[in-house]
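Please open the structure in your viewer, and keep the selection tool at hand. We will go from stop to stop, and at each one you will read what to select and what is there.

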Amino acid sequence: MSSLLLIVMYAALCGANTDSQQENIETLMDNVLVLRVPYGQGSMVYVPLTCGEAYQNQPVTWKKNGMELNPPLQGNQIKVLVEEMNGGNYTCHLSPNGEYLNHTVILVQLDPDNRTVILEEKSPEEGHIHCSASNYKGAFDCAWTRTQSRSNAAVLLVKAERHLEKIPCELNADGSGVHCDYASCPYGEEQQRISLTVYIHSYSRLESYTKVFYLREIVRPEKLSHLRISEGKVFSWSYPDTWETPVTYYGLQFQVKLVNHGHSCNSDEHIMQHSITEDTKYEVTVKAKKYVFCVRAQDRHTRGPWSHWSQCTVNKQDVRC
Ligand SMILES: *[C@@H]1O[C@H](CO)[C@@H](O)[C@H](O)[C@H]1NC(C)=O
Ligand SMILES: *[C@@H]1O[C@H](CO)[C@@H](O)[C@H](O)[C@H]1NC(C)=O
Ligand SMILES: *[C@@H]1O[C@H](CO)[C@@H](O)[C@H](O)[C@H]1NC(C)=O
């Protein structure tokens, strides 16, 4: 009785095992399979490959990364054993002349994919991908940095969507970022988040990175333009040309900072004067003849990211903006 139970249980466990192996193989895109394996368990998985229906009745042989296999793999439908992270590019060829017919790339991803090594983390809050937009019109840019040891890594796919609607994105020439653009409705309250996923691989190792955000969280006004000084002590500037209009609806607020001569606007020390204003001008009241005037902008309503600083260096009569 109990041995029968054991056999039944064993059958059930084995059944579950092969099923789950199948579930761990996914077609990510044309000619690319992703195998998901647990971390550190020395996995060995058989992955089924087909050369394609078009070559059903032809004699077919296979190569891995351009190399003949030993023993040779033959047949339109085969199974290859993938050990740990050893995926590869499997090509099928007509025999005996060796003409190339088709290929399947097997990439391996850890499951869970939380021990990533390909991209650098920008910061714990920001994660691995930095996104920004200069207004609410629907265009935005995202960027990432490969770690030094994985500088060869290549982007396979970028998926961006908002509420099941695809957002078109274009990869930069060097593969370190994307420019995306969608038709947004800038006047409405933003209801849906944008989700961006980057699939990147280094040899056979695949990692995916996802960033989910509201456009309003990444809208950062561009550097303020036309910063100038008049009447000796009054600085004035304009809204960035790329900012939304009307400015009565899309108001900015400005942070003004005076730092000691020779110091950076980002410095938290050496601050002589500090203020927040909604005006596009500011009168300096310090007696010092040498200082750096710094100003930057933020959306007054969403309190999103600050722009980069604009600055004027004042050295007595010499003012450089
Ligand atoms: C080539 O292989 C892919 C699988 O990687 C398959 O989807 C496709 O149909 C094959 N092409 C042909 C012409 O059979
Ligand atoms: C795999 O091999 C085929 C045939 O040589 C080639 O066209 C394809 O670019 C290769 N893919 C990758 C990811 O190496
Ligand atoms: C990754 O996830 C697993 C399972 O959820 C967890 O045990 C492990 O500590 C995580 N590793 C890291 C580096 O976060």
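Begin by selecting V259 and then I271, which is the bridge partner of V259 in β20. This is a predicted model, in which local features need pLDDT of at least 70 and side-chain atom pairs count only at pLDDT 80 or more, while totals for chains, interfaces and linings use all residues. Residues are numbered from 1 along each chain as its sequence is written, and chains are lettered from A and ligands numbered from 1 in the order in which they are written.

Now widen the selection to strand β19 (residues 252-260) and β20, which run antiparallel and are joined by 6 bridges; strands here are DSSP runs (E, at least two residues), numbered from the N terminus. Of the 7 residues of β20 (residues 271-277), 0 are buried, so this strand lies largely in the open. A residue is called buried if 20 or more other C-beta atoms, placed from the backbone, lie within 10 Å of its own.

Next select L35, I106 and L107, which have the most contacts inside the largest nonpolar core, a set of 37 residues. Such a core consists of buried Ala, Val, Leu, Ile, Met, Phe, Trp, Tyr and Cys residues joined through C-beta atoms within 7 Å. Among the elements that give two or more residues to this core are β2 (32-37) and β8 (100-110). Another core, of 17 residues, lies apart from it and includes W243, Y250, F254 and V259.

Finally, select ligand 1, which is surrounded by N31, G52, E53, A54, N102 and T104, each with its C-beta atom, placed from the backbone, within 6 Å of the ligand.

Conventions:
Buried ≥ 20, exposed ≤ 12 C-beta atoms within 10 Å, placed from the backbone. Helix = DSSP H or I, 4+ residues; strand = E, 2+ residues; numbered from the N terminus. Pairing = 2+ DSSP bridges.
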